Each structure stands twice: as C-alpha cells, then as structure tokens.
Amino acid sequence: MSDIDDSPRADGRRELPVLRPGGGPGDGPGAGPGAGPGNFRRAAVRGRHLRAHVLVAAWAGLALLAATARDTLPVARWLAVHLFLLGAATTAIVVWSEHFTVAMLHAQPPGRRWSAVRLYGLNAAVAGVVLGVWADLPALTGAATAGLVTAVTAHLVVLVRLGRGALGGRLAPVAGFYRAAAAALAVAAVLGGLLATGVAPASLHTGLRLAHLHIALLGWIGLPVLGTLLMLWPTVLGVRMSDGTPRTARRILLPAAAGLAVAAGGLAAGPGTVWRAAVVAGLAAYAGAVALALRLCARTVRRGRRPVSAAAAGTLAASALWLAVAVTADPVLFATRAPADAQSGVAALVPPLLLGFTAQVLVGGLTYLLPVVLSGGPRERAALRAVLEWAWAPRLAALNLAVALLALPLPGPAGTAGAALAAAALVTFLALAVAVLARRARPGAPSRTPALLGTAAGAAVTVLAVLVANSGGSGGAAGTAAGAVPGATATTVRTVAVSLRGMRVIPNRIEVPRGTALRLKVTNRDAQRHDLAVEGGPATAPLSDGQSRTLDLGPVTADRRAWCTVPGHRAAGMSLDIVVTGTAGGGEVRAGTGRTDGLNGADGMDGMDMGAGGDTGAPGHSGHAPAAASAPDLAAGFSHGFRPRPAALPAAPTGTVHKVRLHARRATAEVAPGVKQQMWTFGGTAPGPTLRGRVGDVFEVTLVNDDPVMGHGIDFHAGALAPDGPMRTLQPGQRLVYRFRAERAGAWLYHCSTMPMLQHIGNGMYGAVIIDPPGLAKADQEYLVVASELYLGTPGSAAQVAKMRANTPDAWAFNGIAAQYDKAPLRARAGQRARFWVVAAGPSDGVSFHIVGTVFDTVYKEGAYLLRPKDPGGSQALDLAPAQGGFVETVFPQAGHYAFVDHDMRRAEAGAHGTVEVR
C-alpha cells in the first residue's frame with residue numbers, strides 16, 4: 001500500500017503530501033540511495049515523471065512555435081491553443097491526477113506498464129488530432145478523436161478503481177474532482193471532433209463551439225485545479241491545511257460539475273429563453289463554487305508565513321484571480337446577450353482563461369512540484385527549485401501584463417505587445433524546466449545552471465523578436481517579414497485582411513499601386529469550408545471556420561483575380577478583383593464592398609448558403625441574370641439598434657368599417673445587413689402597413705402625399721372600382737380618400753399607381769391587404785410574408801433603373817429586408833398550427849414559398865382552397881406570380897430550426913430566406 005509523506009522540514013513546516021511507494025521506514029525524503037527498496041520505487045516514480053514532463057515541455061514548445069508562426073502556418077491559432085491545452089496541459093493533468101489520487105486515497109498504484117500505455121496512447125491520439133486538423137484530413141481527425149476519448153475513458157476507469165478498496169483519507173473528496181474532469185474531457189473531445197470533422201450541423205455550430213470551450217477550460221482544466229488548490233495552496237505557503245478543507249471540497253464539487261453540465265447543455269441545445277436561463281444559472285453555480293474555493297485559500301493566506309516557494313505562491317495566486325475574473329464575467333455575458341451573439345464576448349475571456357489561469361497554474365504548479373518529485377533529498381530539491389525560480393518576479397509581472405493587454409479592447413499594437421510578453425515569459429519558464437529535466441536525467445553531472453539560464457534568456461529574446469517580426473499590419477515590421485520581396489521597400493508592401501463568408505470574398509475588390517508587394521491574410525468566417533486561389537499565383541488549402549492562411553503575391557504589376565475553387569462557389573460570387581492603379585510608393589490599399597470585422601460565420605441553416613452576388617462571368621439563368629455584383633453581404637451583422645419588421649399577423653379588428661391614414665413619404669431604412677438606403681414608402685416602411693378585415697368590410701383610406709418633389713397614388717387590388725379618381729396621382733401636399741368594400745376573400749397587394757410603377761414598387765411602395773375567408777379557423781400562430789426584389793442605389797437613378805429593367809436585383813427580401821429573419825427568427829411551438837400568409841409584391845418576380853422540414857396540409861391560393869387538412873395529399877410549396885397571394889398551414893412536428901425560403905434558390909441564396917425557431 002502507499003502512504004502520505006507528511007514529514008516535517010527542518011524549519012518545522014511540511015511539504016506537499018507526496019506519494020511514497022512502499023511506505024516503509026527509512027523511505028523519508030532524506031533517505032539515501034541505500035535506504036531500502038522504497039528508494040528503487042521512488043526512482044521509478046521519478047523516472048516516469050521525468051519522461052512525462054519531457055512530453056509536457058515538448059508540447060509547450062510546439063505551442064510556442066505555432067504561436068510565433070501564426071501568419072504562415074495553417075490553422076496556427078488553433079494549433080497553438082490545442083498544442084498547449086490538449087498536449088501540455090492534458091499530459092500534466094493526467095500524470096498528476098493519478099499521482100495525487102493514489103496519495104490521497106492511500107491506494108495501491110496502478111502498474112507502471114499500464115500507466116505508460118495510457119499516457120503514450122493519449123499523446124499519440126493528441127498528435128493524431130493535431131495532424132488531422134493541420135493537414136485537413138477529417139478521417140484522421142475523427143479516428144484520433146475516438147482514440148483520445150478511449151484513452152481518457154481508460155484514465156477515468158483507473159481513477160474510479162483506485163477508490164475501491166483503498167484506505168482513504170481526509171483528502172479523499174479531492175479525487176472526485178479528477179474523475180469529473182476526466183469525464184469533461186471525454187465530452188469536450190466528442191464535441192471538438194464533431195466540429196473539426198464537419199459532422200456538426202451548421203445550425204448548431206455556434207452552440208457546440210461554446211459548449212466545447214466551456215467544458216474544456218472550466219471542466220477539464222478548472223475542476224482538477226480547484227481540487228488540487230485546496231491541498232497544494234497551504235503546502236506551498238508552508239502552513240497547516242484547514243480542518244474544513246474536506247468539507248469545502250464536498251461543497252464545491254457538486255455545484256461546479258452540475259452547473260457546468262447544465263450550462264454546456266444549454267449552449268449545445270441552441271438559443272432560446274429557457275436554454276439561456278439554464279446557461280446563466282449553470283455558470284453562476286460554477287462561479288459560486290470557485291468563490292468558495294478562493295475564500296478558503298484567502299483565509300489560508302492570512303495564517304501564512306514565508307512561502308516555501310514564493311514563485312509558486314505568486315503564480316498560483318495570480319492564476320486564481322484570473323479564474324475569478326473570467327467565471328464572474330461569463331454568466332453576466334450570457335445574461336445580457338443571446339448565446340448566438342456571445343461569441344465575441346467569450347473570445348475576450350479566452351486570454352484570462354488560457355494564459356492567466358491555465359498557463360500560470362501549469363507554471364506555478366510545476367515550479368513547486370518538479371523539485372519535490374524529481375529530487376533525491378532536500379539539498380537537490382533546493383537546487384532544482386532555485387533554477388525554476390530564476391527571475392520569477394519579472395516573469396510573473398510580464399505574463400500578467402500580457403493577459404491584460406490581450407483581454408482588454410485595446411489597439412492592435414497592444415495585443416502584439418501582449419503576445420510578445422506572454423511568449424517571452426512562457427518560453428523562459430520552458431527553458432528552465434528543460435534545464436531541470438536535463439539536469440535530473442544526468443544525476444551527478446556538473447552544474448550548468450549559469451549557461452542554462454543564459455540559454456533561457458536568449459530563447460525569450462528570440463521569441464520576442466519573432467513575434468514582433470510577425471506582428472502583421474501594413475508596412476512597418478510586417479512589411480519586412482515573409483511577405484517582403486527582393487528590392488521592395490517597407491512602404492511598398494501591403495497586407496490586406498480578406499474574409500470568406502456567406503458565398504462572398506470580402507472585400508471583393510482591392511486597388512493597389514503598380515509594383516506593390518501584396519499579402520492577403522485570408523480567414524474563413526463561414527460554417528462551411530472555403531479556399532482562395534489567385535490567378536497564376538498561390539492558393540490556400542481548404543479552410544474551416546476561423547482558420548487563416550497568408551498568401552504572398554509578390555509585386556503586383558497587372559490586374560489579377562482570385563476565387564474559391566470549391567465547385568459552384570465562384571459562380572455564386574466568391575471572387576476577388578485585384579486592380580493595379582498608378583505606381584508604387586504611395587497610397588493605401590482601397591478595399592471594395594463588404595465588411596471585414598465579423599467574428600462569426602454565416603448563419604447558414606439546413607446546409608444553405610446565405611451569400612448573394614454573382615460572378616460576372618457566370619452563366620445567366622432563364623428569366624433573369626444573376627444578382628448584381630454590388631450585392632450586400634448577407635452574412636454581416638445588422639446595425640446597432642436594428643429592429644426586424646414584425647411578421648406576426650394580428651387578428652382582424654372588430655367592426656365593419658376600418659379607417660386608415662397613409663402618408664406617402666421618403667424614409668431611410670436598413671434593407672440588408674449594414675446596408676441603408678432611401679426608400680419610397682407608404683407610412684415610412686416598405687412594405688407599408690398591413691390591412692386586415694373580413695368579407696363585406698369597408699376600408700376608408702386617407703392618402704396624404706408628403707413627398708416634397710414627386711407625385712404618388714395608390715391601388716388596392718382588394719377593391720373593385722373605376723381607377724380614374726381614387727387611383728389618380730397626388731402631387732406633393734395633396735390628399736384623397738380611397739374607399740372600397742372587400743367583396744372577396746384573399747391575400748391582396750396594394751401598391752403605388754403612379755407611373756413608372758416599376759420604379760415606385762421597386763423602391764418600396766407596396767403592402768398587403770388580408771381578407772379572411774368566411775369560417776377561417778383559428779391558428780395558433782399567424783405570419784405574413786411579403787416577397788419582393790431589392791434594388792440598391794439612389795432611387796430613380798439611371799443605374800438603378802437599368803437593373804430594374806434588366807431584372808437583376810441586388811437581393812431578394814421577405815417583408816422588405818433581406819435576410820432579416822436569419823438574424824431574428826420567427827417563433828412557433830411544436831404541435832401547434834401555424835398559418836403563413838404570403839403575397840408576391842414583385843415588381844417582376846413571384847415566389848415559391850417553402851418551409852424546410854414541413855409539409856403543408858392546407859393551401860389557399862388566389863381566393864380558393866387547393867388543399868385542406870382532411871385531404872390525403874400534402875403540399876410542398878405555395879407558388880405565386882407577381883401580385884398574387886394566399887396562405888399555407890402546417891403543424892411543426894418537433895422543436896428545431898426550420899428554414900423558410902423562396903425555393904428559387906437564386907433568390908433564397910440572395911436574401912429570400914429566414915428561420916422559424918420552434919420550441
């Protein structure tokens with residue numbers, strides 16, 4: 001059986017409880033080489049730890065290399081994070097969680113060979129995951145993920161078995177943290193595999209990514225750290241452990257693990273009020289558990305004396321503070337933002353969790369633990385600790401300053417400085433750890449501490465220089481990096497950020513002076529993979545969401561094109577024009593249309609791409625040409641304060657006479673994400689207000705022309721009367737009363753009656769009148785969708801009119817705004833009847849209205865039922881020509897996200913698309 005080595009030091013204080021194999025007398029820390037068989041067992045333990053921490057150092061070194069090569073190495077950011085977390089941190093946690101579990105439970109250690117197989121198998125799986133994602137080999141990634149889950153499950157089984165038949169001890173509750181953490185890593189690995197291999201549906205990508213991030217950082221890393229701190233912290237301070245530590249451990253584990261599970265489940269399930277509340281509640285429970293642990297640690301400080309290791313104590317304290325900051329901000333973030341909109345806020349928490357918490361825990365823990373485990377006695381322990389604590393205060397200050405610079409919303413140079421400081425601090429510790437491992441591997445060799453310290457300092461300076469050289473940006477240091485060309489000066493090098501998003505290359509046009517050395521930093525911001533190939537030049541590999549690659553084009557002397565080579569994507573508009581102007585030596589890059597500041601990919605649903613735009617070289621389509629090259633970026637975000645047009649349709653008002661006042665006036669509206677333009681409207685909106693009534697009702701509409709320069713009229717298709725008077729054109733300031741009786745049921749169009757009607761309707765002067773059929777049954781939800789074309793540009797301008805006459809819209813829209821219901825889904829409930837009224841406003845295109853995942857059991861078109869629920873057949877689409885209308889009904893079978901589209905896919909991909917969120 002094993003025992004706990006709690007023997008006092010010379011100064012009366014006690015070291016960390018350390019596994020003492022054999023547990024016989026004479027096996028204390030100061031026992032010499034010939035003290036008995038226990039020393040051979042301790043030597044074996046030291047050998048295993050030595051080999052394991054060589055792996056930790058190797059993973060950490062690779063992570064630093066990936067971080068410094070972020071502009072040239074594929075998926076460099078992903079590699080840096082996962083080499084560190086999945087490689088270095090995971091190896092360390094697996095080794096120490098087994099070590100501490102054996103010690104705290106007084107359990108028989110597992111066989112050395114079995115432990116080695118699990119450890120090396122886990123590292124092989126991690127290597128497979130890294131190589132699979134780096135080389136874009138989904139099959140390898142999937143197989144390695146399965147291997148990783150298998151290795152972690154085996155580790156969990158060992159931790160559970162160690163508790164069976166063990167003697168136990170007052171610190172036994174801490175072992176529960178290690179078991180919960182192993183389960184968390186298995187879940188995080190599965191989620192990560194689904195995302196990395198592309199198996200996860202695009203609609204769940206955001207939620208799964210957030211769940212993966214939280215389970216990995218707060219579960220796999222956070223839980224074992226919380227448990228270990230309860231015993232490690234007083235030991236580092238050199239004080240007696242509080243009698244309440246076991247009780248606190250039991251109070252912390254359940255709310256932390258359960259809260260994280262609830263939060264992760266809410267994130268993975270997707271947006272919704274209930275799930276959002278679960279996320280906030282779960283994260284708040286986790287934050288409360290962290291507060292309990294840190295309160296106990298704070299009480300320990302007040303009893304403290306001079307720490308056993310000031311470097312370890314300071315670093316662990318700083319890591320705990322960053323953890324507190326992150327877990328406090330996390331629930332607040334999700335309480336104030338929907339999960340789908342919280343990715344940018346969560347991204348700001350990654351530096352505190354990754355560097356401030358995880359990296360510092362690793363540094364602080366190893367600073368204390370490596371000398372304890374690897375040394376053969378107090379003298380050697382002190383020598384090893386002196387190496388690891390070299391210049392610890394400036395390193396601690398640099399690392400924590402770096403975390404602040406990376407986390408705060410500061411200008412780009414601050415982030416570059418933060419990355420440089422963090423790398424310098426971490427590479428220095430890495431060099432010192434390697435020095436300790438190398439020294440312990442050659443016992444008895446002469447000390448080379450001064451040379452090794454010099455090597456550590458030199459390595460830190462080297463990394464600092466590489467980071468500064470690769471800092472990016474226009475000209476300056478970035479211009480002299482890999483993108484520079486022989487003979488080019490710093491002022492002739494330009495770096496342009498290019499995003500692949502929503503079937504668009506953003507920007508889609510770049511103008512540079514002739515002879516400029518151009519670099520394209522290409523990032524995929526879409527749920528599906530894209531690449532970018534330059535005509536006669538370099539190309540990226542296929543990039544997943546968030547992956548980046550830099551293309552060096554060298555001096556540009558002639559116009560060139562670039563495009564996505566995935567079949568069909570270039571024809572859909574994924575192309576970039578590089579235009580040469582003038583001569584090199586001055587001016588900045590001029591980017592064409594589009595935005596480059598988005599954090600998330602396109603909000604694609606059911607495998608549909610939301611992009612618009614057409615390659616001018618793409619073949620035309622029957623009926624009209626592709627969308628114009630000036631098409632809006634439908635994957636971008638709407639402006640701050642944007643409100644979607646409500647689609648819910650109120651019931652018909654009581655009474656038989658309905659008086660309405662409409663003002664024809666110009667208004668500026670956001671007609672697509674981030675795109676605003678002037679519209680001609682009825683009542684300030686396009687479409688205008690919806691009128692609803694019953695057969696026989698009378699509508700008395702007062703029309704006032706508030707347009708200062710143009711005449712307008714109105715035509716209600718729902719009424720039958722001579723057009724001469726009521727449909728006449730009103731000059732500015734004039735008004736008329738338009739009175740009609742609704743003799744027939746249907747979904748009717750109204751629009752401006754002034755010529756040219758193509759321009760008046762095309763610029764927003766249209767709306768709907770709903771006249772209920774007699775005996776219309778009540779539906780649980782009713783919506784109105786008015787389909788129309790969208791033409792950007794100054795209303796009435798020659799360019800806009802040319803597009804209208806050629807029938808080449810910039811986008812298509814439901815209720816006047818392209819893609820608005822992708823960002824703000826309609827709501828419904830499973831098992832309830834939903835009715836969708838549809839009107840085709842044109843002015844030139846109709847609509848084929850379809851809801852993905854449903855079958856219509858009721859179809860009403862142009863005043864007649866084509867299908868009723870009692871009929872055996874079903875319908876898949878409501879087809880309407882311009883100025884026609886009707887409704888369809890369906891019962892959503894289960895909760896989920898149902899896309900509704902114009903099934904003319906040219907229109908769907910260019911804005912005629914939305915989502916119904918069914919709860």
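Biologist: Which helix holds Arg 250?
Modeller: The model is a predicted one. Along the chain, Arg 250 is 73 residues from Phe 177, and their C-alpha atoms are separated by 9.6 Å. The place of Arg 250 is in residues 245-269, which form helix H7.

Biologist: Is Arg 250 buried or exposed?
Modeller: A residue counts as exposed over 50% relative accessible area. Arg 250 has a relative accessible area of 55%, so the term for Arg 250 is exposed.

Biologist: Are the rings of Phe 638 and Phe 642 stacked or edge-to-face?
Modeller: The structure holds 19 aromatic pairs. In the pair of Phe 638 and Phe 642, the rings lie 4.0 Å centre to centre, with 10° between the planes. Planes under 30 degrees apart count as stacked, so the pair of Phe 638 and Phe 642 is stacked.

Biologist: Which term, buried or partly exposed, applies to Phe 642?
Modeller: The limit for buried is under 20% relative accessible area. Phe 638, at 16%, is buried. Phe 642 has 22% relative accessibility, so Phe 642 counts as partly exposed.

Biologist: What is the arrangement of the rings of Phe 836 and Phe 849?
Modeller: Their centres are 5.9 Å apart. The planes stand at 40°, so the pair is tilted.

Biologist: Which strands hold Phe 836 and Phe 849?
Modeller: Both residues are buried, Phe 836 with a relative accessible area of 0% and Phe 849 at 0% relative accessibility. The pair links distant parts of the chain, 13 residues apart. Phe 836 is in strand S23 (residues 833-842), and Phe 849 is in strand S24 (residues 847-851).

Biologist: Which residues form one aromatic cluster with Phe 836 and Phe 849?
Modeller: One of the members, Tyr 783, points one way from strand S20 and is buried. Besides Phe 836 and Phe 849, the cluster has Tyr 783, Phe 814, Tyr 821, Phe 856 and Phe 900.

Biologist: How many residues of strand S20 are buried?
Modeller: Residues on either side of S20 are buried: Val 785 is among those that point one way, and Val 786 is among those that point the other way. The strand, residues 781-790, is mostly covered, and the count of buried residues is 10 of 10.

Biologist: In which sense do S20 and S23 pair?
Modeller: Strands of a sheet pair through backbone hydrogen bonds, either parallel or antiparallel. S20 joins strand S21 (residues 811-814) by 4 bridges in the antiparallel sense, with Glu 789 opposite Trp 812. On S23, Leu 784 stands opposite Trp 837. S20 and S23 have 8 bridges, and their sense is parallel.

Biologist: What is the bridge partner of Asp 715 in S18?
Modeller: S16 pairs with strand S18 (residues 746-751) in the antiparallel sense over 2 bridges. In S18, the partner of Asp 715 is His 751.

Key. Residues numbered from 1 in each chain as written. Predicted model: local features only at pLDDT ≥ 70, side-chain atom pairs only at ≥ 80, totals over all residues. Heavy atoms only, no water. Phe/Tyr/Trp six-rings, centres within 6.5 Å; stacked < 30°, edge-to-face > 60°. Buried < 20%, exposed > 50% of the residue type's maximum accessible area, 1.4 Å probe, protein only. Pairing = 2+ DSSP bridges.
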